[in-house]
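Let's take a friendly walk through a protein and the ligand that goes with it. Keep the picture open beside you and look for each residue as it is named.

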Amino acid sequence: MTHLFEPLALRSVTIRNRIGVSPMCQYSAENGMATDWHLVHLGARAVGGAGLIITEAAAVEARGRISREDLGIWNDAHIEPLARINAFIREHGAVPGIQLAHAGRKASTYRPWDVKRGCVPDREGGWTVVAPSPIPFSDSYSVPNELTPAQIAGIVDAFKSAAVRSQQAGFQLIEIHAAHGYLIHEFLSPLSNQRVDSYGGSFENRTRFLIKICRAVREVWSEALPLTVRLSCTDWVEGGWTIEETVELARLLKSEGVDLIDCSSGGLSAQQKIPVGAGYQIPFAERVRREANIPTAAVGLITEPTHADEIIRNGRADMVFLARAMLRDAYWAAHAAVALGHKEHAAVPPQYLRAY
Ligand SMILES: Cc1cc2nc3c(=O)[nH]c(=O)nc-3n(C[C@H](O)[C@H](O)[C@H](O)COP(=O)(O)O)c2cc1C
């Protein structure tokens with residue numbers, strides 16, 4: 001029976017176990033450049049035994065940053081510091097992945113620990129945000145500019161260029177961020193997309209932007225390397241994006257060369273009502289995997305090794321991604337290996353072996 005510490009092959013890449021570090025903004029970049037914080041933060045989790053380490057949302061253009069301190073990959077200068085981090089991650093047996101993102105109408109915000117909330121005004125270095133339709137996320141966010149078809153094509157190109165740079169930086173996996181109410185999700189959901197052109201209205205039109213991005217990325221991203229997509233499987237709002245649409249989209253994405261769907265939810269609407277609880281998003285990963293016949297990652301309040309192992313053993317998902325549990329314990333994977341009686345899989349570096 002497949003378990004948490006069994007390797008997973010996606011195209012030519014073998015991930016040493018089923019544990020992924022979920023993308024997490026660190027608000028510690030300078031002009032989009034990764035810093036020593038990123039080296040230590042991501043590097044520690046590779047040393048800690050996780051199989052896949054995905055960077056935080058990396059903006060494909062400057063106005064696509066959630067905050068001024070976000071990671072970026074819109075410029076060739078961003079490549080070198082990321083390459084250094086990736087070399088370290090690979091040296092320690094983990095697979096480095098990058099989350100390519102555009103924050104759309106939720107861009108230009110303060111860091112979570114700043115006293116002020118919501119959108120940063122121009123006078124403080126904020127910028128004009130863009131979206132499929134001129135509908136703000138909430139009252140504390142600015143009204144976005146509606147993107148023209150030419151501007152949409154420009155953003156598709158920005159994802160493509162970001163994929164080229166990702167390969168140059170030595171990433172072995174790309175995750176397209178199409179969740180949490182950011183730009184791609186804003187196109188998917190009828191609540192935020194009220195366009196009347198070929199990007200709005202029908203399911204086919206609302207998914208067009210993401211499909212174009214995946215095609216553009218696949219054109220330049222090596223055939224040997226996996227491409228994954230993070231989706232919000234539901235908006236948790238009446239009249240919003242649904243799990244049924246997610247399954248249909250996952251089938252399409254599979255035919256476009258996407259290798260895994262990372263199943264998250266929510267983030268699009270301030271009206272969302274989420275029944276948060278341990279593993280509350282796992283049923284989405286399970287359903288997409290079964291009905292679209294594509295590998296999935298389960299994420300969201302997975303904290304216990306036995307729970308993570310059960311998810312894999314029962315075929316509910318192919319990987320588990322952990323975020324906050326990984327912030328609390330960079331060695332979560334090594335500790336889980338010991339707890340589950342797989343000490344041989346703890347991947348402890350020789351420098352630390354005497355502690356195990
Ligand atoms: C500090 C922090 C930053 C996050 N940044 C991102 C991000 O950049 N991209 C993303 O898709 N999700 C992001 N998330 C969401 C996580 O990847 C994850 O989906 C969520 O926290 C649920 O998993 P958990 O219960 O294991 O924390 C972030 C979460 C946290 C706690």
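## The ligand and its contacts

An oxygen atom of the ligand lies 3.1 Å from a polar backbone atom of Ala57. Such a pair is called a polar contact, meaning two N or O atoms within 3.5 Å; within protein, one of them must be able to donate a hydrogen and the other to accept it, and residues adjacent in sequence count only if both atoms are side-chain atoms. Before we go on, please note that this is a predicted model, in which local features need pLDDT of at least 70 and side-chain atom pairs count only at pLDDT 80 or more, while totals for chains, interfaces and linings use all residues. Residues are numbered from 1 along each chain as its sequence is written, and side-chain values use heavy atoms, with hydrogens and water left out.

An N or O atom in the side chain of Ser22 is 2.7 Å from an oxygen atom of the ligand, and a polar side-chain atom of Arg324 is 2.6 Å from a ligand oxygen atom. How much of the ligand does the protein bury? Taken alone, the ligand exposes 600 Å², and the protein buries 82% of that. These areas come from the Shrake-Rupley method with a 1.4 Å probe, and for residues only the protein chains shown count as cover.

## The shell and the pocket

Now step back and look at the whole surroundings. The ligand is surrounded by 16 residues, and the closest are Ser22, Pro23, Gln99, Leu301 and Arg324. A residue is near a molecule or strand if one of its heavy atoms lies within 4 Å of it. What kinds of residue make up the shell around the ligand? Eight are nonpolar, five are polar and three are charged. In this scheme Ala, Val, Leu, Ile, Met, Phe, Trp, Tyr, Cys and Pro count as nonpolar, Asp, Glu, Lys and Arg as charged, and the others, Gly among them, as polar.

Where does the ligand sit? The ligand sits in the largest pocket. On a 1 Å grid over the protein atoms alone, a pocket is an open set of points with protein on both sides within 12 Å along at least five of seven lines. A molecule sits in a pocket if more than half of its atoms lie within 2 Å of the pocket's grid points.

## Strand 6

Gln99, one of the residues closest to the ligand, belongs to strand 6. Strands (E, at least two residues) and helices (H or I, at least four) are DSSP runs, numbered from the N terminus. Gln99 has a relative accessible area of 2%, so it is buried. The cut-offs are under 20% for buried and over 50% for exposed, with partly exposed in between (1.4 Å probe, protein chains only). A polar atom of the Gln99 side chain lies 3.3 Å from the backbone nitrogen of Ala57, and Ala57 also has a polar backbone atom 3.1 Å from a ligand oxygen.

Ile98 is in strand 6 too, and it counts as buried because its relative accessibility is 0%. Gly97 lies in strand 6 as well and is buried, with a relative accessible area of 0%. Gly97 and Leu52 are 45 residues apart in sequence, yet 6.9 Å apart in space, C-alpha to C-alpha.

## Loops to explore

His102 counts as buried because its relative accessibility is 1%. The side chains of His102 and Glu61 are joined by a polar contact of 2.8 Å, and a polar atom of the His102 side chain is 3.0 Å from the backbone nitrogen of Gly104. Ser108 is also in the loop between strand 6 and strand 7; its phi is near 60°, a positive value in a residue other than glycine.

Is Glu238 buried or exposed? Glu238 is exposed, with a relative accessible area of 79%, and its place is in the loop between strand 10 (227-232) and helix 7 (243-255). Arg11, in the loop between strand 1 (8-10) and strand 2 (13-15), is partly exposed, with a relative accessible area of 33%. Arg11 has a positive phi of about 50°, although it is not a glycine.

Definitions and conventions
1 Å grid on protein atoms, 1.4 Å probe; cavity = no way out; pocket = protein on both sides within 12 Å on 5 of 7 lines; lining within 4 Å.
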